[in-house]
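Hello,

Here is the structure I promised to hand over to you.

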Amino acid sequence: MTGPAHLSAQPGEIRTTCAYCGVGCGVLAKPDGQGDLTVRGDPDHPANRGRLCSKGTALGETVGHEDRLLHPMIGGARTDWDTALGHVADRFRETIARHGPHSVAFYVSGQMTTEDYYVANKLMKGFIGSANIDTNSRLCMASTVAGHKRAFGTDTVPGTYEDLELADLVVLTGSNLAWCHPVLHQRIAAAKAARPGMRVVVIDPRRTATCDIADLHLPLAAGSDVALFNALLARIDARGARDTRFARHLDGMEEALAAAHAEDVSVTGLSAAQIDAFCDMWIGTEKVVTVFSQGVNQSSAGTDKVGAIINCHLATGRIGRPGMGPFSVTGQPNAMGGREVGGLANTLACHLDIENPAHRAAVQGFWAAPAMPDRPGLKAVDMFRAVERSDIKAIWIICTNPAVSMPEADRVRDAIAGCDFVAVSDITASTDTARLAHVLLPAAGWGERDGTVTNSDRTISRQRKLLDAPGEARPDWAILAEVGRRMGWAAAFDWETPAEVLREYAALSGIAGRFGRDFDISASPISTPPLTTRLPRSAGRSRRRSKAGAFSVTGGSSPRPGGAG
Ligand SMILES: Nc1nc2c(c(=O)[nH]1)N[C@H]1C(S)=C(S)[C@@H](COP(=O)(O)OP(=O)(O)OC[C@H]3O[C@@H](n4cnc5c(=O)[nH]c(N)nc54)[C@H](O)[C@@H]3O)O[C@H]1N2
Ligand SMILES: Nc1nc2c(c(=O)[nH]1)N[C@H]1C(S)=C(S)[C@@H](COP(=O)(O)OP(=O)(O)OC[C@H]3O[C@@H](n4cnc5c(=O)[nH]c(N)nc54)[C@H](O)[C@@H]3O)O[C@H]1N2
Ligand code: SF4
Ligand SMILES: [Mo]
């Protein structure tokens, strides 16, 4: 935990979190009142301790309003929020009534806040009654999630950033840290400078900028990580380097060792001397962290690569102790938050499982949800195939540009273009996906809304509102909640601030904790953000809080000026 919020902040500075990558650096931002910002690294934030990379440093230059989507649009024409939200709710309701809950989908994003994710997930899984919600984090994190669940039974990163500095050997495989997670690269470089005995190995077919800090670069053949780490596992065994005490906690290690001994390491294309050097260093160094990223994840063998890496740490018991462990680094600022909150089609919430009846019943009870899917929904690629086949007839795409970023992007673009109903929430109308939308909803961007994000080592940090959103833009969670209310679930989506959403999520995590899940933030105090972050209520309803604190909801489809609550 960090110290008090104001520890190093100067007057006028607001603590927030960088929007660009999964390192999740703390930022002190100072709005000048004219719409500009100056930023510096937050010395008190555990992710960066005052450091920022060039992208974080340039955050202040990204808050301009050029190219912003300023008001809702239907069919390319400007409209008001009431009409746009009513239209989205009606189209989803009609589609579900006619074709069932699995005929609709949400495709969301690891750039959203956890509160946005929570509301989207609750709406789709608990109220629409389908698990057809998936996220662009699928494109980078799916292999790690599957690999963690296979190895640990839970999608948990068993380390923290400090481990990178405490390690005597850091292995970076399929990770171009220097470019993609620059502050972690800086932290390792600084630790190495302070402690010259520390060593770094980079495993990458290419010689990247990250090799600047490497003592050894292994240019393995692309796709051959499993063979390399299995060769390492076989040698761990052959040299008697297994941790026999830790072995009591393991199942299946004998099978893993048998497979490892049978591995053909020649597919790596590495020389015997290179493999020897790597294995000697790894086996001979107790404090070893193996960092992996897209060169491991984005592969047809991604889950096996993750498994092969974790197996070496499990066999040696080098996990869960300072300076040791497998370490998946996340790409997007909130890829981890999405995994924890349940933003994937095959998870429920708080690391609970859709297919577990007890988990389902607990979440359904907590949400007082009318419906709950008992099987996973469509994952990203399958989701857009279902759109292509017209099995999905209404899709809401939020904070992502799948017409460009999905595999086989042209095919995905054509599928979206042929979909009966497409809603897109974005900060700009000029993405390839936004151009295909029937309804465009203007979202408040970084610095214009409050919420939390979770970084690679599972630190939860605030992204705070620094500036007013331009035009009529609104935070994603609020747009989603309003659609939920208009679809008929007023009480379930009745939040006024993102803090209320987070509090509800935290309470749900307490249930997960009782199931033994290692995500339970229910004991954490969550303060209410200042009134400036409260939302203008949209038209269509108004409500009053009774003395007892319960909400009474009035209003229906007739437009009504906002402002209540
Ligand atoms: N500047 C910048 N930073 C970013 C992002 C950005 O867009 N710009 N995006 C963020 C996001 S979302 C992500 S997911 C991360 C990605 O961060 P990284 O995963 O670090 O970046 P990549 O360049 O996708 O891939 C890492 C390396 O894997 C290597 N590689 C390819 N195939 C293999 C293989 O089979 N085995 C091994 N061992 N290596 C292989 C590649 O040569 C590459 O150097 O970056 C985050 N940071
Ligand atoms: N060819 C190719 N494809 C790739 C990759 C690659 O390197 N090359 N990388 C893959 C990886 S690792 C990833 S993570 C994905 C990323 O792929 P995408 O998710 O498509 O990433 P972005 O292009 O960053 O899209 C983010 C969108 O969110 C919008 N946006 C920003 N802030 C907000 C907000 O607060 N609210 C809303 N509603 N919208 C907002 C932005 O305008 C932008 O349109 O792409 C994957 N696909
Ligand atoms: S390392 Fe990532 S989170 Fe940190 S300042 Fe750079 S882009 Fe932002
Ligand atoms: Mo990513």
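First, some housekeeping. This is a predicted model, in which local features need pLDDT of at least 70 and side-chain atom pairs count only at pLDDT 80 or more, while totals for chains, interfaces and linings use all residues. Residues are numbered from 1 along each chain as its sequence is written, chains are lettered from A and ligands numbered from 1 in the order in which they are written, and side-chain values use heavy atoms, with hydrogens and water left out.

Ligand 1

Around ligand 1 there are 25 residues, and the closest are D204, R206, G223, D225 and S293. Here a residue counts as near a molecule if one of its heavy atoms lies within 4 Å of it. By class, this shell holds 8 nonpolar, 12 polar and 5 charged residues. The classes work like this: Ala, Val, Leu, Ile, Met, Phe, Trp, Tyr, Cys and Pro are nonpolar, Asp, Glu, Lys and Arg are charged, and the others, Gly among them, are polar.

Which atoms of K55, N176 and C180 come up against ligand 1? K55 places a polar side-chain atom 2.8 Å from a nitrogen atom of ligand 1. N176 has a backbone N or O atom 2.8 Å from an oxygen atom of the ligand, and a polar backbone atom of C180 is 2.8 Å from a nitrogen atom of ligand 1. A polar contact is a pair of N or O atoms within 3.5 Å. On its own, ligand 1 exposes 910 Å², and the protein buries 72% of that; such areas come from the Shrake-Rupley method with a 1.4 Å probe. Helix 6 (177-180) and helix 11 (294-297) are the elements that give two or more residues to this shell. Helices (H or I, at least four residues) and strands (E, at least two) are DSSP runs, numbered from the N terminus.

Ligand 2

Ligand 2 is surrounded by 21 residues, of which N136, T400, S405, D426 and D476 are the closest. The shell divides into 7 nonpolar, 11 polar and 3 charged residues, and helix 4 (138-152) and strand 14 (421-426) each supply at least two of its residues. Oxygen atoms of ligand 2 lie 2.6 Å from a polar side-chain atom of S405, 2.9 Å from one of Q111, and 3.1 Å from a backbone N or O atom of A444. The protein covers 65% of the 920 Å² of accessible area that ligand 2 has on its own.

Where does ligand 2 sit? The space it takes is the second largest pocket. On a 1 Å grid over the protein atoms alone, a pocket is an open set of points with protein on both sides within 12 Å along at least five of seven lines, a cavity is a set where a 1.4 Å probe fits but cannot get out, and lining residues have an atom within 4 Å of a point. A molecule sits in one of these if more than half of its atoms lie within 2 Å of its grid points. This pocket has a volume of about 780 Å³. Of its 36 lining residues, A19, Y20, Q111, C399 and I427 are the closest to its centre.

Ligand 3

The space taken by ligand 3 is the second largest cavity, with a volume of about 80 Å³. A volume is the space filled by probe spheres set on the points, which are joined across faces, edges and corners. The shell around ligand 3 has 9 nonpolar, 2 polar and 1 charged residues, including C18, Y20, K55 and P182. Helix 1 (54-57) and helix 7 (182-194) each supply at least two residues of this shell.

Happy exploring!

How values were computed
Polar contact = N/O pair within 3.5 Å; in protein donor to acceptor, adjacent residues only side chain to side chain.
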